[in-house]
Amino acid sequence: MSTLTDLNTPNNSTGSTQDVNDDSSTKTVLTVEEIHKLLPHRYPFALVDRIIDYVPGKRAVGIKNVTFNEPFFQGHFPGRPLMPGVMIVEAMAQVGGIVLTQMPDSPDGLFVFAGIDKVRFRRPVVPGDQLVMTTELLSIKRRRFGKIHSVATVDGKKAAEGELMFSIVD
C-alpha cells in the first residue's frame, strides 16, 4: 500500500505543494494521479479530483468538479440534471478513504461501506458546481472499522452532510 510520504519523494515532479509545518514529508495537496494510487475507484466512480488539504489521521478536504459530461446526468434527470445523492455520499466517502487508508498500521484490504447515518441533503448539486468535501475521522475500532463525519458544500453552502462507517474486506 502506498503512503502519502511514499508519494512525496524528492523526484516527485507533480508540482503539488507541501505543508509548511515542521513535517515537510507529509503532503497537504494530492493530484488525481496521486489519489488513484491510494484509492481503487476508476471511471465512472472516481469522484475526487483533488485533495486540497490533508491532516494525517484526522481530516481531508477534497474537491469534485461536477461537469455536464458525468454519466449519471443522462438519466438524472433529462432537462434538469441533478447529481444523485448517492453519488454525493460516495464522493464524501472517497475523501474519507484517503484518511482511512493512510492510518498508521492500516491493514491491507478494501474499505467498504458498513453504514450510513444522519445523512441529509441541503441543496441540489448541478453541472458547473464544485463540490468541496470536508471529512473528519471520528473513530477507529480494532483497525478494521472506521467512522467519519463529512460535509459537502457548493459555494460555501452546505449541500450534504452525514456520518459514514467503513469496514475492511480481506
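Ser 167 touches Leu 110, Phe 111, Val 112, Ala 114, Arg 144 and Phe 145, leaving aside residues up to four places away in sequence (a contact means heavy atoms within 4.5 Å). This is a predicted model, where local features need pLDDT of at least 70 and side-chain atom pairs count only at pLDDT 80 or more, while totals for chains, interfaces and linings use all residues. Residues are numbered from 1 along each chain as its sequence is written, and side-chain values use heavy atoms, with hydrogens and water left out.

**Ser 167 and the overall layout**

- Ser 167 sits in strand β6, which covers residues 157-169.
- Its relative accessibility is 16%, so Ser 167 counts as buried (buried is under 20% relative accessible area, exposed over 50%, partly exposed in between, with a 1.4 Å probe and protein chains only).
- The chain has 3 helices and 6 strands, in the order α-α-β-β-α-β-β-β-β from the N terminus (these are DSSP runs, numbered from the N terminus: helices are H or I with at least four residues, strands E with at least two).
- Of the 170 residues in the chain, 45% count as buried.
- Take the contacts between residues at least 6 apart in sequence: 59% of them join residues at least 24 apart.
- The chain's accessible surface is about 9100 Å², with 53% of that belonging to carbon and sulfur atoms (Shrake-Rupley method, 1.4 Å probe; for residues, only the protein chains shown count as cover).

**Strand β2 and its partners**

- Strand β2 (residues 59-65) is mostly covered, with 5 of its 7 residues buried.
- On one side of the pairing list is β1 (residues 50-55), which runs antiparallel to β2 over 5 bridges (two strands pair if DSSP finds at least two bridges between them).
- β1 and β2 make a hairpin with 3 residues between them, and Gly 57 in the turn has a positive phi of about 75°.
- β2 also runs antiparallel to β4 (residues 130-141), joined by 7 bridges.
- Val 61 turns up in both pairings: in β2 it is the bridge partner of Asp 53, and its own bridge partner in β4 is Thr 134.

**Arg 123 in its loop**

- Arg 123 belongs to the loop between β3 (110-121) and β4.
- With a relative accessible area of 28%, Arg 123 is partly exposed.
- Arg 123 touches Asp 129, Val 154, Lys 157, Lys 158 and Ala 159, again not counting residues up to four places away in sequence.
- Arg 123 and Ala 160 are 37 residues apart in sequence, but 7.3 Å apart in space, C-alpha to C-alpha.

- The largest pocket has a volume of about 360 Å³ (a pocket is an open set of points on a 1 Å grid over the protein atoms alone, with protein on both sides within 12 Å along at least five of seven lines; lining residues have an atom within 4 Å of a point).
- Its lining takes in 23 residues, and the closest to its centre are Leu 39, Pro 40, Thr 101, Leu 110 and Phe 111.
- α2 (32-38), α3 (85-101) and β3 are the elements that give two or more residues to that lining, and α3 has the largest share with 5.
- The pocket lining divides into 11 nonpolar, 9 polar and 3 charged residues (Ala, Val, Leu, Ile, Met, Phe, Trp, Tyr, Cys and Pro are nonpolar, Asp, Glu, Lys and Arg charged, and the others, Gly among them, polar).

How values were computed
On a 1 Å grid over the protein atoms alone, a cavity is a set of points where a 1.4 Å probe fits but cannot get out, and a pocket is an open set with protein on both sides within 12 Å along at least five of seven lines; lining residues have an atom within 4 Å of a point. Grid points are joined across faces, edges and corners, and a volume is the space filled by probe spheres set on the points.
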